[in-house]
Amino acid sequence: MSASLPVAVLASGTGTNLQALLDTVHGAEAEIVAVASDVPDAPALERAQARGVPTGVFERATHASGEQRDLAMADWLAGQGARLVVLAGYMALLSPAFLDRFPAAVINVHPALLPSFPGLRAIEQALDYGVKVFGVTVHFVDSGVDTGPVILQRAIELPDARDADEVLVALRPIEHALLPEAVRLFAAGAISIDPENPRRIICAA
Ligand code: GRF
């Protein structure tokens, strides 16, 4: 069996997606070697600590700039051996300097079918628009807001949805399946870029 992939997770909030990774790929295809947050009391940090995963807090206020914060965080994650960085509800924008440290190795989970409804309050945006199909996207992170190439997407029809909580309940299990699936594919070396269209990601497994 090949060695498992060292993964870092960034999370600002509750951390249910981190928990899904801890409960599935951690200790198997992947090893979560670090969890970092911009929020000192993020419940995600407790989830990591409960599994003995090292945690770090990198607040904007304690660094000269957002880029300095990101570089300090990148140094720590690289020191922990991370080869893939997973954003699981990380609410701060990452600077290009951070992305340069992990080229083509930062992924994010977003609760909408991108390119529709990027950014904050994606579910509310979708409800306001009146869509009948909702969904989840896992994508590579680039310097834009939810603009990187799509790795996996899964849709769900909710033609009568009126309320964000109701949509969130439907999307949660999809997020918690899709993000570990993307990490498994990455760990297996099964994700590549279509040479004819660099926006198109090919998942081979
Ligand atoms: C998820 O809905 C994810 O799609 C978005 O932020 C939320 C994080 O939830 N990027 P959790 O902290 O993993 O529970």
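1. The lining of the second largest pocket draws at least two residues from each of α4 (96-101), α6, β8 (191-194) and β9 (197-203), where helices (H or I, at least four residues) and strands (E, at least two) are DSSP runs numbered from the N terminus. The largest share, three residues, is that of β8. This is a predicted model, in which local features need pLDDT of at least 70 and side-chain atom pairs count only at pLDDT 80 or more, while totals for chains, interfaces and linings use all residues. Residues are numbered from 1 along each chain as its sequence is written, and side-chain values use heavy atoms, with hydrogens and water left out.

2. The second largest pocket has a volume of about 260 Å³ and a lining of 20 residues, of which P103, A104, A105, F140 and I193 lie nearest its centre. A pocket here is an open set of points, on a 1 Å grid over the protein atoms alone, where a 1.4 Å probe fits, with protein on both sides within 12 Å along at least five of seven lines, and lining residues have an atom within 4 Å of a point. The volume is the space filled by probe spheres set on the points, which are joined across faces, edges and corners. By class, this lining has 16 nonpolar, two polar and two charged residues; Ala, Val, Leu, Ile, Met, Phe, Trp, Tyr, Cys and Pro count as nonpolar, Asp, Glu, Lys and Arg as charged, and the others, Gly among them, as polar.

3. The largest pocket has a volume of about 910 Å³, and of its 39 lining residues G89, Y90, M91, V109 and P111 lie nearest the centre. Two or more lining residues come from each of α1 (16-23), β5 (106-110), α5 (122-129), β6 (133-140) and α6 (164-187), with α6 giving the largest share, five residues. The classes in this lining are 17 nonpolar, 15 polar and seven charged residues.

4. In α3, the buried residues are R69, D70, M73, A74 and L77. Seen down the helix axis, these residues fall within an arc of 135°, so they line one face of α3; the arc is that of the directions from the axis to the C-beta atoms. They pack against β1 (5-10), β2 (30-37), β4 (84-87) and α4. Just after α3, G81 takes a positive phi of about 95°.

Technical notes:
Buried means under 20% relative accessible area, exposed over 50%, partly exposed in between (1.4 Å probe, protein chains only). Contact means heavy atoms within 4.5 Å.
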